[in-house]
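Good morning, and thank you for coming. I shall speak briefly about how two parts of one chain meet.

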Amino acid sequence: MSKHTVAVLKGDGIGPEIVESAVSVLKRVGELFGTEFELRYAEIGGSAIDRFGDPLPDETLKICLDSEAVLLGAVGGPKWDDLPTDKRPEKGLLRIRKELDLYANLRPAKVWEPLISASPLREEIVRGTDMLVVRELTGDVYYGEPRGIFEEDGKKVGINTMKYTEDEIRRVVRKAFEIAKLRSKKLTSVDKSNVLEVSGLWRDIVEKEKANFPEVEVEHLYVDNCAMQVVRRPSSFDVIVTGNIFGDIISDEAGVVVGSLGMLPSASIGDRYALYEPVHGSAPDIAGQGIANPIATILSTAMMLKYSFGMGEAHNLIERSVEGVLEDGLRTPDIYSEGCKKVGTEEMTEAIIQKLGELK
Ligand code: IPM
Ligand code: MG
């Protein structure tokens, strides 16, 4: 029997509930495909601050470095909101991305036909949308130095630095080209090269890399224009590649265009490690009520099976099962519409697990 090791970090808010759901799905997949998953639990975010005084304790990092993949719920909550930026739960997330060198963040946003009415856009605009945002994840203003609040002439100034080396740009751009080649062979590179030098460098590198991928059609968009086009013509996009901060914003936008944030998975990939987490946050307002939508985390687990363990068939089975329960009319409150059956986290999870067996 094949065996894989997974570090499981539940985090805060709804994190524990949705991760439990994803773990039950993973276990069922293990039975169906004759694979064993060794799960290693560790703390991250606010819960780690409470127990160890550190949003990413050494022990957690070690477990992640020793595992083939990491499954993460979500971090953060009002309890830790007053802490300085450097001590907040989010810092745990930023550190783990950096420590594992997870430079490519893959955020697929596709419209699920049974949920098409959940999009704030008209059906004819959103129908067929299936894009993938490849967001650089270890550079940009998120990590650039100098950073901080300083004093100049007796006045406070806030400073962050947008910085990318050519190697950092090239590796994520290459990854995006490789992915585009396997999809619809269309790549949109997003920058702000009419204003920023960093973006000028970014655009040059995309142009150079293009020569290595002649089959991929390349489009360059300024980020403001891209934000507009994603709402005007979402179905025309395939792969979008961009830097950390622009990708943070565009991926939220892409998410809302296709319906619910509760449905969006992500994979953060480096050359050695990979981490899988839902795009949504820890939703402290609904934590512990058993009503959170587990689908984004379940689909993130599906991405793990495909990208980390080469289990493409299991990935597709999970996607088809999710689609199946949606077709059956099951909805958690965040995606509920009239005439459907409202269910909680557990019932949704059970239904998906049931479908896995039926559709295998
Ligand atoms: C995301 C989030 C994080 C980010 C926050 C929580 C630090 O918004 O994963 O998109 O900005 O990267
Ligand atoms: Mg974000």
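I shall begin with the conventions and then describe the interface between the domains.

This is a predicted model, in which local features need pLDDT of at least 70, side-chain atom pairs count only at pLDDT 80 or more, and totals for chains, interfaces and linings use all residues. Residues are numbered from 1 along each chain as its sequence is written, and side-chain values use heavy atoms, with hydrogens and water left out.

The assignment, automatic or taken from a database, divides the protein chain into domain 1 (1-107 + 262-360) and domain 2 (120-258). Their centres, taken over C-alpha atoms, are 24 Å apart. In contact, meaning heavy atoms within 4.5 Å, are 15 residues from domain 1 and 19 residues from domain 2.

Next, the area. The two domains bury about 1600 Å² between them, 59% of it on carbon and sulfur atoms; buried area is the accessible area (1.4 Å probe) lost on putting two parts together, summed over both. Lys98, Tyr103 and Arg107 supply 42% of what domain 1 buries against domain 2, more than any other three residues.

Which side chains meet in a salt bridge? They are those of Arg171 and Asp101, at 3.0 Å, N to O. The count between the domains is one salt bridge, defined as a side-chain nitrogen of Lys or Arg within 4 Å of a carboxyl oxygen of Asp or Glu.

Note on methods:
Chains lettered and ligands numbered in written order.
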